[in-house]
Amino acid sequence: MPWVDYRHIKASVGIEQALGHYGVELRQIGTNKLAGPCPLTGHAGDRSNRNAFHVDTERNIFNCFTHCGGGNAVSYTHLRAHETDSYL
């Protein structure tokens, strides 16, 4: 497996780019702040909570107040990749 410099990826990919790649739509709630329902598949029951998923574009991070915690563009992409994995 080739070596990957995640620090370089984290520094060069904005969280809004990673979210946009997956079609996540959020609304502006302040300067450099976005919010919306959690876009992760396992949280479909939480979609009624319109403000569960927050993004800070200045700090390049996300935080989900329902189940998945928070992270950056790399960790969000990792979470989305595991949604499609089948372990059975």
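**Entry 1: the elements.** Before counting, I settled what counts: helices are DSSP runs of H or I with at least four residues, and strands are runs of E with at least two, numbered from the N terminus. This is a predicted model, so I am reading computed values throughout. On that basis I get 3 helices and 5 strands in the protein chain. Reading from the N terminus, the order is α-α-β-β-β-β-β-α.

**Entry 2: the whole chain.** I looked up the totals next. The chain has 88 residues, and 28% of them count as buried.

Entry 3: How are the strands ordered? They form an open sheet of 5 strands, β1-β2-β3-β4-β5, with antiparallel pairing. I noted the edges as β1 (27–30) and β5 (69–71), each of which pairs on one side only. From one strand to the next, the twist averages 25°. As a reminder to myself, strands of a sheet pair through backbone hydrogen bonds, either parallel or antiparallel. I then zoomed in on β4 and β5, which pair in the antiparallel sense over 3 bridges. Phe62 has Gly71 in β5 as its bridge partner.

Entry 4: The largest nonpolar core has 14 residues, and the ones touching the most other members are Ile15, Leu19, Phe53, Val55, Phe62 and Tyr76. Two or more residues each come from α2 (15–21), β3 (53–56), β4 (61–64) and α3 (73–84). Which element gives the most? α2 does, with 3 residues. Leaving out residues up to four places away in sequence, Val55 touches Ile15, Leu19, Leu26, Asn32, Lys33, Leu34, Ile61 and Phe62.

**Entry 5: Asp56.** Is Asp56 buried or exposed? Its relative accessible area is 8%, and the cut-off for buried is under 20%, so Asp56 counts as buried. Asp56 is in strand β3. Its contacts, again leaving out residues up to four places away in sequence, are Ile15, Asn32, Lys33 and Ile61.

**Entry 6: Thr31.** Thr31 is in the loop between β1 and β2 (33–36). The cut-off for exposed is over 50%, so Thr31 counts as exposed at 68% relative accessibility.

**Entry 7: Asn72.** Last stop was the loop between β5 and α3, where Asn72 sits. Why does this loop residue count as buried? Asn72 has 15% relative accessibility, which is under the 20% cut-off. A polar atom of the Asn72 side chain lies 2.9 Å from the backbone nitrogen of Val74. With residues up to four places away in sequence left out, Asn72 touches Lys10, Ile15, Asn60, Ile61 and Phe62.

Notes. Residues are numbered from 1 along each chain as its sequence is written. This is a predicted model: local features need pLDDT of at least 70, side-chain atom pairs count only at pLDDT 80 or more; totals for chains, interfaces and linings use all residues. Side-chain values use heavy atoms; hydrogens and water are left out. Buried means under 20% relative accessible area, exposed over 50%, partly exposed in between (1.4 Å probe, protein chains only). A nonpolar core is a set of buried Ala, Val, Leu, Ile, Met, Phe, Trp, Tyr and Cys residues joined through side-chain atoms within 4.5 Å. Contact means heavy atoms within 4.5 Å. Two strands pair if DSSP finds at least two bridges between them. Axes are lines fitted to C-alpha atoms, for helices over the stretch in contact, and angles run from 0 to 180 degrees between N-to-C directions. A polar contact is a pair of N or O atoms within 3.5 Å; within protein, one must be able to donate a hydrogen and the other to accept it, and residues adjacent in sequence count only if both atoms are side-chain atoms.
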